[in-house]
Amino acid sequence: MSIQYLHTMVRVSDIDASLKFFCEGLGLKEVSRMDSEAGRFTLVFLATPEDVERMGGMPEGVSPTQTDIPMVELTYNWDPEDYAGGRNFGHLAYMVDDIYGAVERLQEMGVTINRPPRDGRMAFIRSPDGISVELLQKGESLAPKEPWASAENIGAW
């Protein structure tokens, strides 16, 4: 199975303070930002200037999840939430060559597929310690395929 590290997501309660910490304090660079009115959240992707340079820059109009630049994803939910118990840590994300093959292999190992790849694009699983892991299909989404297309979510992801 081919796999590539993409990003680690953390939820933040103050986007400005977080950007000051990660950008001014640690020296990361904002490479992408997306506001979702419908979802009431903002995503900000950060990378080291060295990683951005090493990968030839951030291509215009390319989703940060489709690059070779390892990133931190800051997720700011517009409505206040309590992030007690480690809920501020979101997930690790990896890109895979075959989303269906990856989840089938993991399921055979006894891993619960919390968010099945109904769309041929994205799935969520959890590590033995409960860490959420997002799997994203490399390139275009695969055509919907059973049993995944009609599979329900299991637990939290």
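A residue is called buried when its relative accessible area is under 20%, exposed when it is over 50%, and partly exposed in between, with a 1.4 Å probe and protein chains only. By this criterion, buried residues make up 39% of the 157 residues in the protein chain. The model is predicted: local features need pLDDT of at least 70, side-chain atom pairs count only at pLDDT 80 or more, and totals for chains, interfaces and linings use all residues. Residues are numbered from 1 along each chain as its sequence is written, and side-chain values use heavy atoms, with hydrogens and water left out.

**Fold**
- The protein chain has three helices and eight strands, where helices (H or I, at least four residues) and strands (E, at least two) are DSSP runs numbered from the N terminus.
- Starting at the N terminus, the order of elements is β-α-β-β-α-β-β-α-β-β-β.
- Of the contacts (heavy atoms within 4.5 Å) between residues at least 6 apart in sequence, 64% join residues at least 24 apart.

**Dimensions and surface**
- The C-alpha trace of the protein chain spans about 45 × 40 × 30 Å along its principal axes.
- The accessible surface, from the Shrake-Rupley method with a 1.4 Å probe, comes to about 8800 Å², and 52% of this belongs to carbon and sulfur atoms.

**Residue T75**
- T75 lies in strand β4, which covers residues 71–77.
- The relative accessible area of T75 is 6%, so this residue is buried.
- Apart from neighbours within four places in sequence, T75 is in contact with M9, V10, R11, V12, T42 and L43.
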